[in-house]
Amino acid sequence: MKVSLFVTCLSEMFYQNVAKDVVEVLERLGCEVDFPRGQVCCGQPAYNSGYRKDAQKAAKQMISSLENSEHIVTPSGSCAAMFKEYSELLKDEPAWKGRAQAVADKTYEFTQFIVNVLKIEDVGAEYPARATYHTSCHMTRLLNEKEAPFKLLKNVKGLELIPLENSYDCCGFGGTFAVKMAPISEQMVDEKVRHIEDTAANVLIAADNGCMMNIKGRIDRKGKPIEVKHIAQILNTRVEGRI
Amino acid sequence: MAMKIGDKPFFDRVDDALEDNFMRNAMAEAQDGLRGRKLKATVEDEQIGDWEEWRSAGEEIRRHTLENLDYYLNQLSENFARQGGHVYFAETAEDATRYIQDVAKKKNAKKITKAKSMVTEEIGLNQALEEIGCDVYETDLAEYILQIDDHDRPSHIVVPSLHKNKEKIRDTFRDKANYTGTSEPCELTAFARSQLRETFLEADIGVTGCNFAVAESGTISLVTNEGNANMVTTFPKTQITVMGMERLVPTWEELDVMINLLSRSAVGQKITTYVTNLTPQLEEDSIDAPNEFHLVILDAGRSNALGTEFQSALHCIRCAACVNVCPVYRHIGGHAYGSIYQGPIGAVLSPILGGYEEYGELPYASSLCAACTEACPVKIPLHEHLIKHRENYVEKKGMTAEKMAMKTFGIGASSPALFKLAVKGMPAVLGPLVKDDSISSGPGPMKLWTSVREFPAPGKGNFRKWFDDHKKGRNQ
Ligand code: SF4
């Protein structure tokens, strides 16, 4: 199956290891992965802050560079959900609206693609640890993908997954919200970290780099001994020596 | 008074709230309780079938009603008037209070009892009536508590005294009403009852809000639990009901659906203790009903949303399900919003009713997590409305540093070459700040980030290059 990777700007800038893991997992599962060079950021920072026109520019660039792909896969539920907004964002430009929808229709978040398109729930990974999972808001509510990560994690050998209290509460990232409303965001991420600590997990797993950046940032600031991993890093553990 | 709460700027209100640990614990506990009850009465209640279908039906009813608002309002007022009721359309809050003052003056009213009404809070009715010498008595327990506590303001649209626990209420009763009992809820309630009993009997006018008005029969429907609304609407000879102009349904069939959605979403009840339906049908000599019934239909900014992208905000049935799941409300409580409408719906509605000048910051008090949208029983896309507000807000503002940054973003994001350059340049820009693989204290907007948490160090490699090498390796 042919897959184009939409790596996301956060992965490209900060979490290149996650991006590599995504590529390797997909290839191991039989996909032929390419990387369309024209891709940029999905436009969410501008869109969510009310800068529609600037977001439209990003959207058009993304559509042009990815519309010839068969499947588009991204390691971020939030960025995948942003693609689903494109046709609304470009609703006044008939020439773009249809193209936007076509791109949205073939875009999948990484775990969603593995479970729903490749129809694989056991990728043969092994990761002995006590872990908990952070369900990100956009992936569960806007993309409506609530189950795929759990199906995959359930089959990871050695992984003990502890349910996270109030998992449905936002971690306080919200893009520019984290800086614009820093004092409120701080309380939100603190509560999230408290719940994570309560699970006594050594590892927090998530499927969105934005949330990870926020939660990990707070965990590290507080000096808590909890690792934060993208789910691709957990799933890419069959290859020896690669975590 | 009216819709606005407090005079402090937004961030000062937030700081006050964040320091109030008592209130925050109360909010978190209340939210967890209300959420759980709602889930049991909705998605988890097998008896009602598919909750999503109920939501869709609710959305459809509200959309249809609002799309034909003039027709149904006309029908409602005709049916109400035909049975002897008086209907008054108030364009502004002042129009509404003036009309009600006039009725009170004509009736020579001294005592006025009130039940179930956030909308009278919105128009500042108590104050207006007190100005002309009336004594106004709130009779919903929560409103009663706030009133005797020196007119404290509501912090939640369904449970206005949510920021107080039973101990606080006991103290208020002791200080303000010579209460000598304990903090037992039953005892506290019995005390409030005994205080209010006489007042019910003596009131000249009863004022209520309105959950739904049924257009086909000219009926006002009140969804309550305490029974006080029944006292307010039976003893006084004159009744005045104030309703937001959007709060109506075409027929009793839709009323049935809406009451299910409301009771289950608001308090997790299949049906509330009372659903009181009042039609004028006035008789001169009746002893258990008013013989004069006024219906004040309030615009007060609502028509600003009609025919705009915000129209669906008027679908709201004030169940507070969105408030009860909001993680921002959880930490800052109701008063920090500076409006009697708080939480996500407050952040959407307050700027519509009161303008951006006053409430422009509220749409930013959200991480756009969409918990509100998911919870709303009539499927209002609340988080999308918040984004729309932000769009309007930035458009109104002149050039700001943020706008510059976003323009730069737009240029960068539409040019792959520039984007690549930005990614490549990242380590050079951020590199000097990195210590132990992360950044603890950054300049500019990063400062706000690093005031709370570490910022990641930019990745060391170049993904695009890795990908090329990797591909080459695989193809060999
Ligand atoms: S917006 Fe929806 S969830 Fe919020 S109060 Fe209104 S009806 Fe209830």
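Reply: Contact means heavy atoms within 4.5 Å. In this predicted model, 70 residues of chain B are in contact with 69 residues of chain A.

Me: Why is the pair Arg221(A) and Glu454(B) called a salt bridge?

Reply: The rule asks for a side-chain nitrogen of Lys or Arg within 4 Å of a carboxyl oxygen of Asp or Glu. The closest N and O atoms of Arg221(A) and Glu454(B) are 2.8 Å apart, so the pair meets the rule. Across the interface of chain B and chain A, 10 salt bridges are found.

Me: What classes of residue make up the side of chain B that touches chain A?

Reply: That side has 35 nonpolar, 15 polar and 20 charged residues. The area buried between the two chains is about 6200 Å², and carbon and sulfur atoms give 62% of this area.

Me: Which residues come nearest to the ligand?

Reply: There are 13 residues around the ligand, and those that come nearest are Cys316(B), Cys319(B), Ala320(B), Cys322(B) and Cys376(B). Cys and Ala both count as nonpolar, so these five belong to that class. By class, the shell has 12 nonpolar, no polar and one charged residues.

Me: What kind of space does the ligand take?

Reply: The ligand takes the second largest cavity. The space is called a cavity because a 1.4 Å probe fits there but cannot get out.

Notes
Residues numbered from 1 in each chain as written. Chains lettered and ligands numbered in written order. Predicted model: local features only at pLDDT ≥ 70, side-chain atom pairs only at ≥ 80, totals over all residues. Heavy atoms only, no water. Buried area = accessible area lost by both parts, 1.4 Å probe. Near = heavy atom within 4 Å. 1 Å grid on protein atoms, 1.4 Å probe; cavity = no way out; pocket = protein on both sides within 12 Å on 5 of 7 lines; lining within 4 Å. Sits in = over half its atoms within 2 Å of the grid points.
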